[in-house]
Amino acid sequence: MKETKKQVGWLDKKLANPKFRKAFRQEYEKLSIGEQLLRLRLEAGMTQAEVARKVGTTASAISRYENAEYDRYELQTLRKIVEACGGILHISMSASDKERAA
């Protein structure tokens, strides 16, 4: 149990650095989008090729969107992929930490 507390403490210390926190959030968001698309497709019981046919693209394009390293998402394409899997795309925005603290 102590090891977990140390790990949380380490991450908290790292996240206190604004530069690290910004980079961490960006990477988390990229990973999160790809993971969510993959999960949604699997829950729909579809292959990448099936989603691609519904969207009007290729299976390799769907694969790119599911990849955590991909960072060139287009809103219209995201919406098409999500809807092809029977989902609904929600986008939320909020003020930065600096603006919240002010």
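Helices here are DSSP runs of H or I with at least four residues, numbered from the N terminus. By that rule α3 is followed by Gly56, whose phi is positive, near 90°. The model is a predicted one.

**Overall make-up**

The secondary structure of the protein chain comes to six helices and zero strands, and the order along the sequence is α-α-α-α-α-α. The protein chain has 102 residues, of which 22% are buried. Its accessible surface is about 8,100 Å², with 54% of that area belonging to carbon and sulfur atoms. Among contacts between residues at least 6 apart in sequence, 51% join residues at least 24 apart.

**The nonpolar core**

Fifteen residues make up the largest nonpolar core, and those with the most contacts inside it are Leu37, Val51, Tyr65, Tyr73 and Ile81.

| Helix | Residues |
|---|---|
| α5 | 75–84 |

**Helix α3 and Val51**

Val51, Ala52 and Val55 are the buried residues of α3. Viewed down the helix axis, the buried residues of α3 fall within an arc of 100°, so they line one face of the helix. An α-helix has 3.6 residues a turn, so residues three or four places apart point the same way. On α3, the face turned away from the buried side carries Arg53 and Lys54, both exposed.

Val51 is one of the residues with the most contacts inside the largest core. Apart from neighbours within four places in sequence, Val51 is in contact with Arg41, Met46, Ile62, Ile81, Ala84 and Cys85. Ile81, one of these partners, is likewise listed among the core residues with the most contacts.

**A nonpolar surface patch**

Helix α5 also includes Leu75. Together with Ile91 and Met93, Leu75 forms a nonpolar patch on the surface, and the three have about 360 Å² of accessible area together. Leu75 has a relative accessibility of 42% and therefore counts as partly exposed, since that class lies between the cut-offs of under 20% for buried and over 50% for exposed.

Definitions and conventions
Residues are numbered from 1 along each chain as its sequence is written. This is a predicted model: local features need pLDDT of at least 70, side-chain atom pairs count only at pLDDT 80 or more; totals for chains, interfaces and linings use all residues. Side-chain values use heavy atoms; hydrogens and water are left out. Patches are made of residues with over 30% relative accessible area and no salt bridge: like charges are joined within 9 Å, nonpolar side chains (Val, Leu, Ile, Met, Phe, Trp, Tyr) within 5 Å. Accessible areas come from the Shrake-Rupley method with a 1.4 Å probe; for residues, only the protein chains shown count as cover. A salt bridge is a side-chain nitrogen of Lys or Arg within 4 Å of a carboxyl oxygen of Asp or Glu. Helices (H or I, at least four residues) and strands (E, at least two) are DSSP runs, numbered from the N terminus. Buried means under 20% relative accessible area, exposed over 50%, partly exposed in between (1.4 Å probe, protein chains only). A nonpolar core is a set of buried Ala, Val, Leu, Ile, Met, Phe, Trp, Tyr and Cys residues joined through side-chain atoms within 4.5 Å. Contact means heavy atoms within 4.5 Å. The arc is that of the directions from the helix axis to the C-beta atoms.
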